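User: Could you take a close look at how the strands are put together here? I'd like the pairing spelled out, with the cut-offs behind the terms.

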Amino acid sequence: MTEDSSLLDSALVRLDEAARHINVDADVIEKLKYPRETTKARLMIRMDDGSRKSFLAWRCRYDDTRGPTKGGIRFHPSTTADEVEMLAFWMTFKCAVMNLPYGGGKGAVQVDPRKLSKAELERLSRAYIQAFSRIIGPDRDIPAPDVYTNAMIMGWMADEYSQIVGSASPAVITGKPLALGGSVGRGDATARGGYYLVRHLAEELGLRGKLRVAIQGFGNAGQYIASLFEADGHSIVAVSDSGGAVQSANGLSLDALLAAKQANNSVIATIGKNGHEALSADRLVGVECDILVPAALENMIDADNADTVKARVVLELANGPVTHDADDILAKRDIVVLPDILANAGGVTVSYFEWVQNKQGYYWELQEIHDRLRTIMEREGRGIWELAAKRGITMRTAAYVHALSRLAEAIEAHGTQSYFDS
């Protein structure tokens with residue numbers, strides 16, 4: 001990637017790779033190279049001290065060929081328009097991988113929400129919807145939680161939209177509180193989808209017996225995946241968060257880790273107890289383990305540390321945690337990367353279930369949510385595994401080929417150059 005290239009350019013490398021393995025019309029690539037629309041706004045809110053402060057915000061609708069756009073809203077101080085477009089591109093392919101009737105979208109506000117009071121956070125959340133109410137809608141663009149946003153923020157946003165349009169519109173946003181039309185099973189959906197995928201492909205991945213799991217990023221997804229793996233008898237040997245990392249070759253105490261997070265502490269608060277030892281956070285990717293789970297932010301495994309990875313399988317619960325260069329290194333070392341657009345797609349899949357339930361006004365039981373999610377994860381995971389084996393390509397490239405074939409079919413159905421020439 002050159003200095004002049006963008007984050008979206010780096011993501012488009014995956015599109016180019018996939019296109020080499022499938023015969024698609026040039027019209028398809030032309031349509032997927034650029035976002036359909038990216039809207040920028042400046043949100044002005046009243047702070048608790050009476051002053052006014054403004055925050056940059058964006059919403060990108062990347063492609064809506066297969067249905068309304070779908071994607072989270074993140075609150076982060078270093079987010080940019082370029083990042084939003086890259087994430088919306090990934091969402092386009094993630095929804096196609098799972099065969100959901102959606103395109104890809106994404107939104108963001110350039111803010112550190114930890115520096116806002118709860119009242120300021122509510123004003124900011126509502127200001128976002130006021131700015132983008134013409135962009136979003138239950139049949140046009142459906143937001144959801146992302147980095148530093150949660151169910152309560154989604155509830156505020158859905159309420160603001162309903163007030164603007166003058167009627168209850170729960171389907172406008174997913175990831176809402178249960179009492180406001182949220183779905184059971186949404187909280188752990190990202191982790192559960194990844195867990196179902198690993199369990200289904202365990203034999204092919206060479207994962208047998210009691211496994212050692214290392215988790216980078218002990219937030220929502222990281223905590224849930226730890227709980228799911230431990231419940232199956234596996235051992236969590238290392239975890240990290242923004243405060244640092246801990247390890248134990250004999251297995252960490254999950255109860256102690258969860259108690260620390262519940263008390264708003266870092267996992268390092270458990271050092272010296274239950275056999276927990278300090279670990280440099282940047283060394284977590286090199287811990288002795290069977291499964292490495294990057295569940296934090298983008299570009300956590302790169303050309304500088306990919307050689308240190310000792311896991312047999314990398315399960316991407318974060319978006320874009322492995323760089324393109326690191327992908328090449330891991331592939332040469334026969335380390336299987338279960339790519340984000342498949343591995344963490346449980347979140348958007350259960351968001352889809354929530355949207356369907358909101359639309360029909362009928363809500364499913366938890367077991368039905370789990371069964372439907374497992375069926376889709378196993379079906380698409382199996383298809384991508386077999387495609388990778390058949391073509392001799394990585395799981396990531398296979399996932400993009402799998403998605404691109406569906407996107408191409410939808411785009412070509414509108415007619416291509418060859419159709420109009422004839």
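Analyst: Strand 1 and strand 2 (residues 52-63) run antiparallel and are joined by ten bridges. Strands here are DSSP runs of E with at least two residues, numbered from the N terminus, and two of them count as paired if DSSP finds at least two bridges between them. One of those contacts puts Glu37 together with its bridge partner Arg61 in strand 2.

A quick word on the source: this is a predicted model, where local features need pLDDT of at least 70, side-chain atom pairs count only at pLDDT 80 or more, and totals for chains, interfaces and linings use all residues. Residues are numbered from 1 along each chain as its sequence is written, and side-chain values use heavy atoms, with hydrogens and water left out.

Back to the strands: they belong to an open sheet of five, ordered 1-2-4-3-5, with mixed pairing. From one strand to the next, the twist averages 25 degrees; the axes are lines fitted to C-alpha atoms, and angles run from 0 to 180 degrees between N-to-C directions.

There's also an open sheet of seven strands, in the order 9-8-7-6-10-11-12, again with mixed pairing. Its edges are strand 9 (277-279) and strand 12 (336-338), each pairing on one side only, and here the twist averages 20 degrees from one strand to the next. Inside that order, strand 6 (residues 212-216) and strand 7 (residues 235-241) run parallel, joined by five bridges. Ala214 stands opposite Ala238 in strand 7.

Technical notes:
Helix = DSSP H or I, 4+ residues; strand = E, 2+ residues; numbered from the N terminus.
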